[in-house]
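This report goes through selected local features of the structure shown below.

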Amino acid sequence: MIGLTVNARAVKASVEPRTHLADFLRDSLNLTGTHLGCEHGVCGACTLLLDDMPARSCITYAVACDGARVTTIEGLDDDEITTELRAAFTREHALQCGYCTPGMLIAARDLVLRLPASDEHSIRVGLSGNLCRCTGYVGIVRAVRAVIDQRRKRGITPISGGGRQALGPVGSGNATNPAISDIAARPATKAETPDENSGAMAIPDFTPAKVFKDHFTVAYPPDRVFDMLGDVAQVAACLPGTSLTGVPTPERVEGMIRVKLGPISADFRGAARIERVFENMSGRIVGMGSDQRSRSSTQGEIRYHLIPIEQGAATRVELSIGYSLKGMLAQIARDGLVRDLAARLTADFARNLDRHLSGVPADGTVENSQTLNGVSLLIDLLRRRAQTAVRRILGR
């Protein structure tokens, strides 16, 4: 039996002595962001943080980490440096297949912490233990240099040695070294086995990977629409495929949304935080959820603002929708497709909202929630695009 802290959560498990840390994380904890490549400690794909220091998890035995603090790429979602690196990697086209990217980001994070300047040679040497067969490293180096430059210009000084205070194997301090970032400072939650339910989850703010705007109108005054949007159960009934899994409060809701896209069927279970401002008729919903079957996870943010029109007799609902998607579904959810599908869902929600306000039950109530079928939405989308193309060709 070993006990260790994984992504700020205390974990206890029975592990065979020969089990590598990477296999334990992937197979027992479902943390598949740690990738396996060479399994000889050469390619760097399995790099994670062990007591806040980069380490090769494919050649580290799990039993040797008893008492240690482990941080995988999943545990860096809210890390400031990693967030900046992700944005720079996207901007500089620093990834293609993405297989090396988790380990590359963790190695790059260490360089951002400790290099005083964005010297290209030092960056290339520092990343030499992480192999990439796609990019040629040019975009990766540019991204790391950009983040180092930005942080030094903001007056953020490097940490000498990245926090290393003694020679010896990574993790040999068994988490006794002082924290070099807020990752280690997060309090560990109660110990749990991998199969335990984590219960109520915290819902942090996040920076969406994609953001787009939309709007719709309803023939009812803003105060009535605002009251309706404050009724969590009725809002859920207006969303196809959505059902509640707990008793909602005005500030929080837990639920599930069923999605089917071709051969992939997903049940995203999660929670959302609700914020409302009556003075300007606006609100914000921040949520997160995951599907164990497809090993996909998502974070989403919806901001809405109600604007009176037609002398206050009707309402224009302006939306800003942001999301981040990871896992299998992220590989097929292209930006344009997601935007079009979201537009269709917004239209369905607006129609159901209008029906609720008029006293007519909406399609897909909580008791009889539908599955959100991406295939039917896609077929409808392609049909409408084909019709638009034909009209353009015929000049109509």
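## P102 and helix α3

P102 has a relative accessibility of 11% and therefore counts as buried, where buried means under 20% relative accessible area, exposed means over 50% and partly exposed lies in between (1.4 Å probe, protein chains only). P102 belongs to helix α3, residues 101–114. Helices (H or I, at least four residues) and strands (E, at least two) are DSSP runs, numbered from the N terminus. Leaving aside residues up to four places away in sequence, P102 touches G33, H35 and I73; contact means heavy atoms within 4.5 Å. Between P102 and E74 the C-alpha to C-alpha distance is 9.0 Å, with 28 residues separating them in sequence.

The model is predicted: local features need pLDDT of at least 70, side-chain atom pairs count only at pLDDT 80 or more, and totals for chains, interfaces and linings use all residues. Residues are numbered from 1 along each chain as its sequence is written, and side-chain values use heavy atoms, with hydrogens and water left out.

## Helix α5

Helix α5 covers residues 138–153, which is 16 residues. From its first C-alpha to its last, α5 reaches 23 Å, close to the 22 Å expected at 1.5 Å a residue; the expected span is 1.5 Å times one less than the number of residues.

The buried residues of α5 include G139, I140, V141, A143 and V144, and A146, V147, I148, R151 and R152 are buried too. Among the elements that cover the buried residues of α5 are α2 (80–91), α3 and α4 (120–126). After α5 comes G155, with a positive phi near 85 degrees.

Strand β3 spans residues 47–50. T47 and L49 point one way from β3, L48 and L50 point the other way, and all are buried.

β3 pairs with strand β4 (residues 53–56) in the antiparallel sense over 4 bridges; strands pair if DSSP finds at least two bridges between them. In this pairing, L48 is opposite A55 of β4. The hairpin of β3 and β4 has 2 residues between the strands, and D51 takes a positive phi near 50 degrees there. β3 also runs antiparallel to strand β5 (residues 69–71), joined by 2 bridges, and L50 is opposite V70 in β5.

## Aromatic pairs

The whole structure contains 3 aromatic pairs. Rings of Phe, Tyr and Trp (its six-membered ring) pair if their centres lie within 6.5 Å; planes under 30 degrees apart count as stacked, over 60 as edge-to-face and the rest as tilted. One of the pairs is F212 with Y323, edge-to-face at 6.4 Å centre to centre and 70 degrees between the planes. F212 is in strand β7 (residues 210–218) and Y323 in strand β13 (residues 314–326), 111 residues apart. Both F212 and Y323 are buried.

F216 and F349 have ring centres 6.2 Å apart and planes at 75 degrees, so this pair is edge-to-face as well. Because F216 lies in strand β7 and F349 in helix α9, the pair ties together parts 133 residues apart in sequence. F216 counts as buried at 8% relative accessibility, and F349 does at 13%.

## T346 in helix α9

T346 is located in helix α9, residues 335–357, and is buried with a relative accessible area of 9%. Apart from residues up to four places away in sequence, T346 touches D214, F216, L319 and I321.
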